[in-house]
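I set out to record what I looked up in this structure, entry by entry. The notes follow the order in which I consulted the model.

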Amino acid sequence: MGTWVWAWPTSAAPPPLPDPNADAFLQAQPEIAGHAWVKCFDSDTDDASTPAAFHAQCDAFAETVTIARNSLGFTFGGYAEGSWNKDTCCADPANRCRDNDCWYRTASADFIFQLEPEAVRFDPV
């Protein structure tokens with residue numbers, strides 16, 4: 001199972017995960033369109049054994065798009081409007097922090113999505 005922040009299971013020659021710079025469904029989302037996205041983490045090539053590598057490589061970004069594919073063939077992900085950095089998160093009084101960890105982050109633009117087998121956007125309620 002892979003995660004982009006692009007990746008894939010280690011099975012035989014899977015198709016690449018969608019590029020948020022080129023995928024038509026993702027580019028139709030106003031939060032994603034118009035940005036030049038760069039890959040900050042790839043679970044196939046980066047150390048995915050702990051969250052440390054992800055945070056070291058992605059916390060500096062103000063917005064992220066995560067794309068993953070599971071063993072059942074579903075491709076899915078999410079858009080995060082805010083940084084994953086706990087200090088940035090905890091500096092916002094609207095967020096809930098405990099022991100200097102961000103437990104809840106308010107961001108009205110965050111959403112999750114499914115790309116395969118059918119492209120669908122899911123907004124928070």
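**Entry 1. Elements.** I take helices and strands as DSSP runs, numbered from the N terminus, a helix having at least four residues and a strand at least two. With that labelling, I placed Pro 117 in the loop between S6 and S7. I also looked up the peptide bond that leads from Glu 116 to Pro 117: this bond is cis, with omega near 10°. For context, I noted that most peptide bonds are trans.

**Entry 2. The chain as a whole.** The model is predicted. I counted 3 helices and 7 strands in the chain, and read their order from the N terminus as β-α-α-β-β-α-β-β-β-β. Of the 125 residues, 38% are buried. The chain exposes about 7300 Å², and carbon and sulfur atoms supply 57% of that area.

**Entry 3. Confidence.** I found an average pLDDT of 83 for the chain, with 86% of the residues scoring at least 70.

**Entry 4. Helix H2.** Which residues of helix H2 (residues 51-58) are buried? I found Ala 53, Phe 54 and Cys 58. Seen down the axis of H2, the buried residues fall within an arc of 105°, so they line one face of the helix. These buried residues pack against S2. On the other side of H2, I noted that Ala 52 and Ala 56 are exposed.

**Entry 5. Nonpolar cores.** The largest nonpolar core has 11 residues in all, including Leu 17, Trp 37, Val 65, Ile 67 and Phe 113. I checked which elements give two or more residues to this core, and they are S2 and strand S6 (111-116). S6 gives the most, with 3 residues. Apart from this core lies another, of 5 residues, among them Phe 41, Ala 53, Phe 54 and Cys 58.

Entry 6. Is Thr 64 buried or exposed? Thr 64, found in strand S2 (residues 64-69), counts as buried because its relative accessibility is 3%, the cut-off being under 20%. Its side chain is joined to that of Trp 84 by a polar contact of 2.7 Å.

I then turned to Glu 63, in the loop between H2 and S2. Glu 63 is partly exposed, with a relative accessible area of 25%. A polar contact of 2.3 Å joins its side chain to that of Tyr 79. Not counting residues up to four places away in sequence, Glu 63 touches Glu 31, His 35, Trp 37, Tyr 79, Ala 80 and Glu 81. I also looked up the C-alpha atoms of Glu 63 and Trp 84, which are 21 residues apart along the chain and separated by 8.5 Å.

**Entry 7. Ser 83.** Where does Ser 83 lie? I located Ser 83 in the loop between strand S3 (75-80) and helix H3 (86-91). At 13% relative accessibility, Ser 83 counts as buried. The side chain of Ser 83 reaches the backbone oxygen of Asp 59 at 2.8 Å.

Note on methods:
Residues are numbered from 1 along each chain as its sequence is written. This is a predicted model: local features need pLDDT of at least 70, side-chain atom pairs count only at pLDDT 80 or more; totals for chains, interfaces and linings use all residues. Side-chain values use heavy atoms; hydrogens and water are left out. Buried means under 20% relative accessible area, exposed over 50%, partly exposed in between (1.4 Å probe, protein chains only). Accessible areas come from the Shrake-Rupley method with a 1.4 Å probe; for residues, only the protein chains shown count as cover. A polar contact is a pair of N or O atoms within 3.5 Å; within protein, one must be able to donate a hydrogen and the other to accept it, and residues adjacent in sequence count only if both atoms are side-chain atoms. The arc is that of the directions from the helix axis to the C-beta atoms. Contact means heavy atoms within 4.5 Å. A nonpolar core is a set of buried Ala, Val, Leu, Ile, Met, Phe, Trp, Tyr and Cys residues joined through side-chain atoms within 4.5 Å. pLDDT is the predictor's confidence in each residue, from 0 to 100.
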